[in-house]
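Here is a walk through one model, helix by helix. Have a look at the structure first, then read on.

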Amino acid sequence: MLPAMLPRQSNLDPAAAYPKITALRAALDAGDWPACRELLDAAEQAERTYLTAAVADVDGLEDFLRGVLRGDPGDGTAGALLGQYLIEAAWRIRTRARAEHVSRERFVAFRAGLAEAERVLVDAAARSPRDPAIWTARLVTARGLRLGLSEIRRRYGRLAEIDPHHLPGQQQMLQSLCAKWYGDAALTYEFAKEAAAAAPAGAPSPVLLAEAYIEHSEVVTDVDRVRAELREAAMRSVWHPDFRRTHGWVRTMSTFAMAFVLLDDHPAAASLFDALGGLGSRWPWEYLGDPAATIEKFRARAGGNT
């Protein structure tokens with residue numbers, strides 16, 4: 001009797017889909033800032049923003065970048081990367097737990113870390129005012145420091161002037177509009193619909209509708225309408241012939257897949273699982289538990305290839 005075929009385990013390491021992460025990590029490990037700059041400066045704007053976040057956990061990064069900035073205080077790229085590192089470090093202190101489960105001591109340290117990140121990013125923005133990575137990071141510090149929705153909108157406006165379809169920044173803006181921060185489901189959907197409608201064919205931005213649904217699925221009553229809207233969004237994005245597998249495409253497909261799973265649209269989800277092959281992203285699956293196990297459970301339920 002032949003053994004049962006084991007389900008495919010998705011590779012959740014972002015470097016599996018984006019080898020530039022490995023190259024950037026190697027350059028940082030070697031202390032080769034010119035090589036880092038060459039790689040980051042050659043990247044597309046959204047890719048560059050994603051890369052700064054992807055390597056923000058490299059050991060010794062803070063000391064290295066502060067040394068770079070002492071040598072060249074005007075290096076906005078180093079400022080963007082240092083700011084992102086400090087944001088990630090602050091959030092590790094806070095943890096991803098709900099606010100009522102975070103101790104006062106952790107909150108104090110969290111805010112101190114974000115305040116330092118904000119200082120670094122303010123200086124970086126003054127020297128490199130048209131860097132989307134800096135403005136995207138400043139959306140995160142504004143949210144975490146509770147600077148208010150008007151300030152967050154102002155910062156997003158500065159970002160949109162530079163790149164009106166900058167998905168990493170749009171994703172941070174959408175988070176700020178969620179009910180768990182400053183907004184509600186209506187504000188979140190309004191922003192997502194406007195960004196999706198303005199995006200060119202084949203762009204990833206329509207995934208914001210899937211993100212809005214995932215964040216507020218518990219208040220959706222007209223499931224058929226939402227399912228139809230997300231299918232239309234996917235047709236203009238991940239299912240469009242002009243969709244490009246640039247940095248972020250795995251998370252984009254994964255997000256659509258999870259939204260379709262929650263909507264019981266198994267054929268739509270299966271098509272995306274098949275397109276992803278052996279790749280996957282931790283977000284948004286981590287909302288439902290262990291990402292790898294959750295992906296495989298829902299892949300099997302949707303009928304995707306194993």
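Before we start, a word on terms: a helix axis here is a line fitted to C-alpha atoms over the stretch in contact, and the angle between two axes runs from 0 to 180 degrees between N-to-C directions. Also keep in mind that this is a predicted model.

## H6 and H7

Let's begin with helix H7 (residues 104-127), whose axis comes within 8 Å of that of H6, the two crossing at roughly 170°. Angles over 145 degrees count as roughly antiparallel, so that is the label for H6 and H7. On the H6 side, the residues making the contact include Gly 76, Leu 86, Trp 91 and Arg 94. H7 answers with a set that includes Arg 106, Phe 110, Glu 116 and Ala 124. Sorted by class, the contact of H6 with H7 holds 15 nonpolar, 4 polar and 4 charged residues.

## H3 and its two partners

Next up is H3 (residues 33-42), which packs with helix H2 (residues 19-29) at about 155°, their axes 8 Å apart. That pair is therefore roughly antiparallel as well, and the way H2 passes H3 is a left-handed crossing. Who meets whom? From H2 come Lys 20, Ala 23, Leu 24, Ala 27 and Leu 28, and from H3 come Trp 33, Ala 35, Cys 36, Leu 39 and Leu 40. By class, this contact of H2 with H3 has 9 nonpolar, no polar and 1 charged residues.

H3 also packs with H6 (residues 76-94), this time at an angle of about 90° and with the axes 11 Å apart. That makes H3 and H6 roughly perpendicular. Trp 33, Arg 37, Leu 40 and Asp 41 do the touching for H3, while Thr 77, Ala 78 and Leu 81 do it for H6. The class tally for H3 with H6 is 4 nonpolar, 1 polar and 2 charged residues.

## H10, wrapped up by other helices

Is helix H10 (residues 167-177) mostly buried or exposed? With 10 of its 11 residues buried, H10 is largely enclosed by the rest of the structure. Among the buried ones are Leu 167, Pro 168, Gly 169, Met 173 and Ser 176, and the glutamines Gln 170, Gln 171 and Gln 175 are on that list too. The buried residues of H10 pack against H4 (45-54), H8, H9 (149-162), H11 (185-198), H12 (207-215) and H14 (249-262).

## Leu 139 in H8

Leu 139 belongs to helix H8 (residues 132-144). Its relative accessible area is 0%, so Leu 139 is buried. Leaving aside residues up to four places away in sequence, Leu 139 touches Ile 152, Arg 155, Tyr 156, Leu 159, Gly 169, Gln 172 and Met 173. Leu 139 and Ser 176 sit 37 residues apart in sequence, yet their C-alpha atoms are 8.3 Å apart.

At 56% relative accessibility, Asp 224 counts as exposed. Asp 224 and Leu 263 are 39 residues apart in sequence, with 8.5 Å from C-alpha to C-alpha.

Finally, the cysteines. Cys 36 counts as buried at 0% relative accessibility, and Cys 178 does so at 1%. How many disulfides does the model have? The count is 0, going by the rule of paired cysteine sulfur atoms within 2.5 Å.

Methods. Residues are numbered from 1 along each chain as its sequence is written. This is a predicted model: local features need pLDDT of at least 70, side-chain atom pairs count only at pLDDT 80 or more; totals for chains, interfaces and linings use all residues. Side-chain values use heavy atoms; hydrogens and water are left out. Helices (H or I, at least four residues) and strands (E, at least two) are DSSP runs, numbered from the N terminus. Buried means under 20% relative accessible area, exposed over 50%, partly exposed in between (1.4 Å probe, protein chains only). Contact means heavy atoms within 4.5 Å. Angles under 35 degrees count as roughly parallel, over 145 as roughly antiparallel, 65 to 115 as roughly perpendicular and the rest as oblique. A crossing is left-handed if the near helix is turned anticlockwise from the far one by less than a right angle, and right-handed if clockwise. Ala, Val, Leu, Ile, Met, Phe, Trp, Tyr, Cys and Pro count as nonpolar, Asp, Glu, Lys and Arg as charged, and the others, Gly among them, as polar.
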